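I opened a new page for this structure. The entries below record what I looked up.

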Amino acid sequence: MIWRTTICIIFIGITQLSHQYSNAFSSSSTSRNVRHALKDKITSCSKSTQHNEFDNPQSYVQFESPLLEAGYPPAVIEYETNTRYQKPLLVYLPGFDGTLLAPFLQFPELHTEFDVKGMVVDMKDRSSVEDLKHLVLDFICKEMIVKIDNQITHRPVYIMGESFGGILALEVALSIIEWNKNIQGVNDDLTSSSSTNSRIHLQGITLINSATCYLESNLAKYGPPVTKVSSIMYPLEVLKLVPLFTDKYAIPQLLLILQSKALPSIIDNEQKEAYLGRTAFNLPTKLKFMPQETFQWRLDQWLLKGCLSWKEKEHHLQTLDIPVLIVAGEDDEALPSVQEAYRLSDLFSTTASGMKPLVHIVQGAGHACTCGSRLDITALMRNAFYNRLMTNGRRAMKPTASQNSGEYFGMEERYDKASIGLNPIRYWSKDNFSKLRLG
């Protein structure tokens, strides 16, 4: 059928082109009305005047609620009933691409535990790591203080960083620890709003294929030469990097979905499948070409300088007495993620409280596919942060999915036992799609 062919092309795009350094694309702007309603958009124009030393006239950064934008009914209901603030805040910090495409499969299940937000960085952006760090801190300060039943409260904060976002997440975490130590004083590193009079209750950090190992990576070897080729050759040279980011199971698992033989274990009801389908259909409107200048800026300013700066600070990880989850793709060819996962674990395990991080290696996963079908990151987070989340949700991947092998690992039989996938018309049905009512 024509629609299946269309979806196949789109999902291949999601699998191979949506994420990280091999990606020459990024997501476009979301609905302006939704962003205005959420008041999540943060650009250089909205920074506190006390941060002039970090102001960047070329900064284009915003924070989004990905499920709200996608019309995922449970998220819309929570927004309209003002109950989302009863959940901990989870801030996802993306990789080199600056989009929320890589972990999109994980968002619905993450929503069962967290109020999920994500940072999006436009292609025009020329923020440094320091700029981005302060924007994240400013956003957290604004979002963590909520009013519930006429009582002001500070909700728990969790940070998830993938690839480059791992560098940024650790920078933010160290700044939060320093902020909390100096809470009685004046800290110019954060916003001047009233929210800065309160501690930031950081409860957990999740790192996925952390780019803190960039200096030892294949990407550091093969990426910089691409910035020096002619503009005509640039797209072709970028495509040559694709094998660093994919894995051998991406397309076979895609075919299982298209043939209705299986679904990712975390896509276990009609609303989640409809969300998956809408994301696929909307992908052409979300992808933008990454200019060569942007590619060069992010390699140099984000990865190279960010990693060098971090190496001078990483001994401070012993001050982070909070739970940590470290996830790495077993077949990551872009970064030595598995080795880095255990190296970081050793650094964290020297903390005063002796809390050793939970390390999870995703079987057969490449760099861009680690947050795909072969992972149930919400279950891992429940396990790693059990004493803080205190929920009854599953703490491991579903048994059938975890016991499968090859392309079936992480996959399960369709939730409805159907021999054909959900009709695309159902993607936008009233049961599966909710349009946010503004005002």
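My notes cover the sheet, the helices across it and some ring contacts.

The model is predicted: local features need pLDDT of at least 70, side-chain atom pairs count only at pLDDT 80 or more, and totals for chains, interfaces and linings use all residues. Residues are numbered from 1 along each chain as its sequence is written, and side-chain values use heavy atoms, leaving out hydrogens and water.

I looked up the strand order and found seven strands in an open sheet, 2-4-3-7-8-11-12, with mixed pairing. Strands are DSSP runs of E, at least two residues, and helices are runs of H or I, at least four, both numbered from the N terminus. Two strands pair if DSSP finds at least two bridges between them. I noted strand 2 (61-64) and strand 12 (358-362) as the edge strands, each pairing on one side only. Strand 11 (residues 324-329) runs parallel to strand 12, joined by five bridges. In this pairing I found Leu 325 opposite Leu 358.

**Helix.** I checked helix 7 (residues 164-181), which lies across strands 3, 4, 7 and 8; contact means heavy atoms within 4.5 Å.

**Rings.** I counted 13 aromatic pairs (rings of Phe, Tyr and Trp, the last by its six-membered ring, with centres within 6.5 Å; stacked under 30 degrees between planes, edge-to-face over 60, the rest tilted). Phe 164 and Trp 302 are stacked, 4.6 Å centre to centre with 15° between the planes. Phe 164 is in helix 7 and Trp 302 in helix 12 (residues 292-311), 138 residues apart. I found both Phe 164 and Trp 302 buried (under 20% relative accessible area, 1.4 Å probe, protein chains only).

Definitions and conventions:
Axes are lines fitted to C-alpha atoms, for helices over the stretch in contact, and angles run from 0 to 180 degrees between N-to-C directions. Buried means under 20% relative accessible area, exposed over 50%, partly exposed in between (1.4 Å probe, protein chains only).
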